[in-house]
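Here are my notes on one helix and its surroundings. Have the model open alongside as you go through the points.

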Amino acid sequence: MTVEGNQAHYLAKVMRVGAGDAVILCDDLTGEWAARVVSASKRDVVLQPIELLREREPVPDVWLCPALLKRDRFDLVLEKATELGVRRIQPLVTRRCVADKLNLERARAIVTEAAEQCARTALPELGEPVKLDAMLGDWPKDRTLFFADELGGEPAAGAFAAHSGAAALLVGPEGGFDDAERAAIRAHPAARPVSLGPRILRGETAAIAATALWMAAAGDWHK
Ligand code: SAM
């Protein structure tokens, strides 16, 4: 197996691995392996997998669909959603978003580092930012879209606990959804408005809180 690009540079130049050294390899396909370095240069590092240490973990079937926020706040959402265990992060562009672009390579690096930090053997999928109406128009029929709405909805914990099957958590930007967006979401057959309590949470707080609540009520925290 050959590692290239930033990871090769990191292994060869930062970690200074050399031929014969032992490393832990996670391929996001089969799981985590003990491996040996065959050769190392700043361009590529050749690894020989030796022993499967952990199989790729099963990941709860929940997506997080957070509206783009200011960069440092969205970095937090990427990191925490990965740590908490989502299967997919689908960034959204809505009319009140302060940012409408995401540096995907940088976002992937944040997600990968967060996965390493929390010893995940499965990386969350990271979608390209998509406009709300396009996402709603192309929404998979079998996936419930829990819409975090500060204007009210079912208490989230109960709604999550009672749910079985594929799900997603939709969270708005700093300025919230505008009336037309809220109406379009609420009219969508897969949408279920949920409340995260009486206080108006910041976008990143709502995204992290909804995900943690999901994992506790319907995810893998009880395993
Ligand atoms: N529109 C609001 C305002 O400025 O008055 C604030 C939006 S809030 C900062 C960002 C997003 O977090 C909302 O669009 C919603 O998805 C979620 N959110 C915040 N507080 C919530 C609550 N108590 N219940 C459900 N969702 C909440």
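1. Some ground rules to begin with. Helices (H or I, at least four residues) and strands (E, at least two) are DSSP runs, numbered from the N terminus. This is a predicted model, with local features needing pLDDT of at least 70, side-chain atom pairs counting only at pLDDT 80 or more, and totals for chains, interfaces and linings using all residues. Residues are numbered from 1 along each chain as its sequence is written, and side-chain values use heavy atoms, leaving out hydrogens and water.

2. Now the ends of α3. Ala119, which follows α3, has a positive phi, near 60°. At the start of the helix, a side-chain oxygen of Asn103 comes within 3.1 Å of the backbone nitrogen of Glu105.

3. Helix α3 covers residues 104-117. Its 14 residues reach 20 Å from first C-alpha to last, close to the 20 Å expected at 1.5 Å a residue (that is, 1.5 Å times one less than the number of residues).

4. Which residues of α3 are buried? They are Leu104, Ala107, Ile110, Val111, Ala114 and Ala115 (buried means under 20% relative accessible area, exposed over 50%, partly exposed in between; 1.4 Å probe, protein chains only).

5. The buried residues of α3 pack against α2, β6 (88-89) and β8 (125-126). Over in α2 (residues 71-84) sits Thr82, buried at a relative accessible area of 0%. Leaving aside neighbours within four places in sequence, Thr82 has contacts (heavy atoms within 4.5 Å) that include Val111, Ala114 and Ala115.

Key: Polar contact = N/O pair within 3.5 Å; in protein donor to acceptor, adjacent residues only side chain to side chain.
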